[in-house]
Amino acid sequence: MVRARTAERRAEILRATLEVIAERGYRGATLSAVAERVGLSQQGLLHYFPTKEALLVAVLEERDQWDTGGGSRSDGTWRVDLLDSLVEYNAMRPGVVQTFSALLGESVTEGHPAGEFFTRRYTQVRASMAAMLRTEYGGTLPGGLTPERAAPLLVAVLDGLQYQWLLDPGSVDMPAAFRDFLRLLQPGSPDAADEHEDPTRESDDQR
């Protein structure tokens, strides 16, 4: 019974944190703001989450559960159109994307409490993306890469676009830019064709 109440209270705190992030952004999501939202003292909140980083990592873990339907989707159940829809959805929740990106940047420092979460997450996401690409294209993508080699590049595009969009949302249309990237993966796309011609080189007929 006590464990159930604790889990319920933690879930309430995570929902409140998401609300605060949506309203105030990453910097505004202070422990005191979240504690006030759920009717706790800051010390009482620390009973459930010992640091702000621990709270925000728990929020990101919860977000991943919602986004993937409760699984890592490394079994190939992700589809390209679902990924496109997720980018569209992220563009509607800048506060959560800001929290993810800020913690990701900080996590590369030695001993950061979010480091383990992001290391584990990237391992899972690369596997999910490789499975998705294998389902979509088979063992070789149009450009010649295997799904396993292409997966880290796809993840880099997803997260790199988020940083660019957060810094300059007026200039970077994140969903449109991601759709442009997906065009590069399509068979027969002029951008994906393996022609690699130098546009400055004259043809034999022009000489």
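This note sets out numbered points on a predicted model of a protein chain.

1. Basis of the model. The structure is a predicted model, in which local features need pLDDT of at least 70, side-chain atom pairs count only at pLDDT 80 or more, and totals for chains, interfaces and linings use all residues. Residues are numbered from 1 along each chain as its sequence is written, and side-chain values use heavy atoms, with hydrogens and water left out.

2. Confidence. The mean pLDDT (the predictor's confidence in each residue, from 0 to 100) of the protein is 85, and 85% of its residues reach 70 or more. Confidence is lowest in helix α4 (residues 52–68), with a mean of 84, and highest in α8, at 96. Two stretches call for caution. Over residues 70–74 the pLDDT is below 50, and this stretch has 11 contacts in the model beyond near neighbours in sequence. The pLDDT is also below 50 over residues 192–197, a stretch with 2 contacts beyond near neighbours in sequence. Contact here means heavy atoms within 4.5 Å.

3. Overall content. The secondary structure comprises 9 helices and 0 strands; helices (H or I, at least four residues) and strands (E, at least two) are DSSP runs, numbered from the N terminus. Among contacts between residues at least 6 apart in sequence, 62% join residues at least 24 apart.

4. Helices α8 and α9. The axes of α8 (residues 147–167) and α9 (residues 174–184) come within 10 Å and cross at roughly 155°. Axes are lines fitted to C-alpha atoms, for helices over the stretch in contact, and angles run from 0 to 180 degrees between N-to-C directions. The angle makes α8 roughly antiparallel to α9, given that angles under 35 degrees count as roughly parallel, over 145 as roughly antiparallel, 65 to 115 as roughly perpendicular and the rest as oblique. The crossing is right-handed; a crossing is so named if the near helix is turned clockwise from the far one by less than a right angle, and left-handed if anticlockwise. On the α8 side, the contact is made by L154, V157, L158, L161, Q162 and W165, and on the α9 side by M174, A177, F178 and F181. These residues divide into 9 nonpolar, 1 polar and no charged. Ala, Val, Leu, Ile, Met, Phe, Trp, Tyr, Cys and Pro count as nonpolar, Asp, Glu, Lys and Arg as charged, and the others, Gly among them, as polar.

5. Helices α6 and α8. The axes of α6 (residues 94–107) and α8 come within 10 Å and cross at roughly 115°, and the two helices are therefore roughly perpendicular to each other. This crossing is left-handed. P94, V97, Q98, F100, S101, L104 and G105 of α6 meet D159, Q162, Y163, W165 and L166 of α8. The residues of this contact divide into 7 nonpolar, 4 polar and 1 charged.

6. Residue A130. A130 is placed in helix α7 (residues 115–137) and counts as buried at 8% relative accessibility. Its C-alpha atom is separated by 4.8 Å from that of P147, 17 residues away along the chain. Leaving aside neighbours within four places in sequence, A130 is in contact with P147, E148 and A151.

7. Residue F117. F117 also lies in helix α7 and is buried, with a relative accessible area of 5%. Leaving aside neighbours within four places in sequence, F117 is in contact with V57, L60, E61 and D64. F117 and L60 are 57 residues apart in sequence and 9.2 Å apart in space, C-alpha to C-alpha.

Terms used. Buried means under 20% relative accessible area, exposed over 50%, partly exposed in between (1.4 Å probe, protein chains only).
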